[in-house]
Amino acid sequence: MIKDKVVIITGASSGIGEATAKLLAAKGAKLVLGARRADKLKQIVAEIAQAGGQAVFQELDVTKQSENDAIVALAKKSYGRVDVIFLNAGIMPNSPLSAMKTDDWHQMVDVNIKGILNGVAAVLPTFLAQKAGQVIATSSVAGLKAYPGCAVYGGTKWFVRDFMEILRMESASEETNIRTATIYPAAINTELLSTITHAGMAEGMGQLYKRYGISPDRIASVIAFAIDQPDDTTVNEFTVGPANQPW
């Protein structure tokens with residue numbers, strides 16, 4: 001059941017994170033929202049409250065362990081516990097390797113990989129102590145198949161796939177009852193495209209998304225489905241994209 005579950009969402013200020021927050025709040029979850037843009041989070045929390053939902057927020061840079069620890073502490077202070085963490089923060093400044101955009105490479109590693117590590121490190125002691133909890137992470141279809149121009153981004157998303165699968169396996173063997181779900185979105189109309197700094201890649205991806213992109217609400221419904229399953233059930237992997245996607 002979703003109702004009354006305490007759910008932390010990173011990358012919650014737009015796109016998939018925002019859509020998921022609003023849907024879960026409408027279903028009775030208690031939300032703790034984190035992202036770098038506090039002004040956007042404040043607006044989303046106000047909209048949730050106006051609709052009768054419950055949510056708090058905190059500015060969050062997922063690359064900093066202390067800020068991940070702080071948002072878990074906020075959840076406990078506000079609602080007394082944590083039931084789910086949705087690790088959704090990510091960036092996608094794709095480019096050909098020959099473009100040598102090494103700053104973008106390192107930034108993707110910091111946000112897309114270290115952000116997952118920091119989030120899990122922050123919440124895992126709580127989940128282990130209570131022998132319950134759910135970790136949901138956003139990977140990508142680029143974490144399932146290689147695409148030119150996506151070498152580093154895809155690598156970070158392959159990491160998410162491997163990490164989450166091992167978290168699931170270790171939880172099962174250690175009987176800690178931590179459920180996992182990994183989401184593999186395709187072309188979803190979010191702000192990810194705005195992080196692409198390579199002109200040619202930005203144009204090509206923009207055309208692709210214009211033709212095939214779908215609403216982040218579609219991903220939010222998948223997240224809600226995963227959370228809504230009985231606590232003794234795990235639904236581990238979801239690939240979500242347009243029905244006519246060519247890749």
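Helices (H or I, at least four residues) and strands (E, at least two) are DSSP runs, numbered from the N terminus. The structure is a predicted model, in which local features need pLDDT of at least 70, side-chain atom pairs count only at pLDDT 80 or more, and totals for chains, interfaces and linings use all residues. Residues are numbered from 1 along each chain as its sequence is written, and side-chain values use heavy atoms, with hydrogens and water left out.

**Pocket**

A pocket is an open set of points on a 1 Å grid over the protein atoms alone, where a 1.4 Å probe fits, with protein on both sides within 12 Å along at least five of seven lines; its lining residues have an atom within 4 Å of a point. The largest pocket has a volume of about 860 Å³, the volume being the space filled by probe spheres set on points that are joined across faces, edges and corners. Its lining comprises 45 residues, and Gly90, Ile91, Met92, Thr190 and Leu192 lie nearest the centre. At least two lining residues come from each of helix 1 (15–26), strand 2 (30–35), helix 5 and helix 6. Helix 6 gives the most, four residues.

**Nonpolar cores**

A nonpolar core is a set of buried Ala, Val, Leu, Ile, Met, Phe, Trp, Tyr and Cys residues joined through side-chain atoms within 4.5 Å. Buried means under 20% relative accessible area, exposed over 50%, and partly exposed in between (1.4 Å probe, protein chains only). The largest core has 38 residues, among which Ile8, Val32 and Val135 touch the most other members. Elements giving two or more residues to this core include strand 1 (6–10), helix 4 (102–130) and helix 5 (151–174). Helix 4 supplies the largest share, seven residues. A second, separate core of 30 residues includes Ala12, Ala29, Leu41 and Ala181.

**Loop residues**

Ser140 is found in the loop between strand 5 and helix 5. Its side chain reaches the backbone nitrogen of Ala142 at 2.9 Å. Leaving aside neighbours within four places in sequence, Ser140 is in contact (heavy atoms within 4.5 Å) with Tyr153, Lys157, Ile183, Tyr184 and Pro185.

Met100 has a positive phi of about 55 degrees although it is not a glycine. Asn177, also a residue other than glycine, has a positive phi near 60 degrees. Met100 lies in the loop between strand 4 and helix 4, and Asn177 in the loop between helix 5 and strand 6 (178–185).

| Residue | Relative accessibility | Class |
|---|---|---|
| Ser140 | 6% | buried |
| Met100 | 53% | exposed |
| Asn177 | 48% | partly exposed |

How values were computed. A polar contact is a pair of N or O atoms within 3.5 Å; within protein, one must be able to donate a hydrogen and the other to accept it, and residues adjacent in sequence count only if both atoms are side-chain atoms.
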